[in-house]
Amino acid sequence: MKKILVIHGPNLNLLGLREPNVYGNTNLNEINKNLEKMAKEFGVEIKIVQSNHEGEIVDTIHHTLNWADCIIINPGAYTHTSIAIRDAISSVNIPTIEVHLSNIYKREDFRQKSFIAPVAVGQISGFGEHSYYLALEAAVKLLK
Ligand code: DQA
């Protein structure tokens, strides 16, 4: 069975509460439940983690080296700042899909640069919680 690691970055634990006009009303627990249900239907194994800490996300990426066939990551604000997360992704060489709930290219200038995009297979941005579901679908297609 193919294995997919989903990483939610900083502040995403507050989904539902946090700027619902930008990020929607669905909380992280509900998104995770939907992802787990979809994974079951697709016949893939899924592991989901959330962290507010850059180094912890780097560690998580390293530790998945012998586990994940694909990574789905919403790096949150680290998207726009973290060379360390980018380097972790390129170091493990596991195909990675970058996800954003909001369309980062329609927002402030500082959000329009992603350090992650050049090391990702692709990016899904702007579909709210559905960005995650589309990413899971993309991961399954990628692993076939
Ligand atoms: C985000 C976009 C980032 O700019 C922001 O810092 C987030 C969430 C998104 O999912 O739209 O925390 O990654």
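Modeller: A residue is near a molecule if one of its heavy atoms lies within 4 Å of it. This is a predicted model, in which local features need pLDDT of at least 70 and side-chain atom pairs count only at pLDDT 80 or more, while totals for chains, interfaces and linings use all residues. Residues are numbered from 1 along each chain as its sequence is written, and side-chain values use heavy atoms, with hydrogens and water left out.

Biologist: Which residues surround the ligand?

Modeller: The surrounding residues are Arg18, Tyr23, Asn74, Gly76, Ala77, His80, His100, Leu101, Ser102, Ile104 and Arg111.

Biologist: Which atoms lie 2.9 Å, 2.8 Å and 2.6 Å from an oxygen atom of the ligand?

Modeller: A polar contact is a pair of N or O atoms within 3.5 Å. A ligand oxygen is 2.9 Å from a side-chain N or O atom of arginine 18; a polar backbone atom of leucine 101 is 2.8 Å from a ligand oxygen; and for a side-chain N or O atom of serine 102 the distance is 2.6 Å. The protein buries 99% of the 320 Å² that the ligand exposes when taken alone, with accessible areas from the Shrake-Rupley method and a 1.4 Å probe.

Biologist: Over which ring face does lysine 47 lie?

Modeller: A charge sits over a ring if NZ of Lys or CZ of Arg is within 6 Å of the ring centre and within 35 degrees of the ring normal. Lysine 47 lies over the face of tryptophan 67, at 4.4 Å from the ring centre, and lysine 113 over that of phenylalanine 115, at 5.0 Å.

Methods: A polar contact is a pair of N or O atoms within 3.5 Å; within protein, one must be able to donate a hydrogen and the other to accept it, and residues adjacent in sequence count only if both atoms are side-chain atoms.
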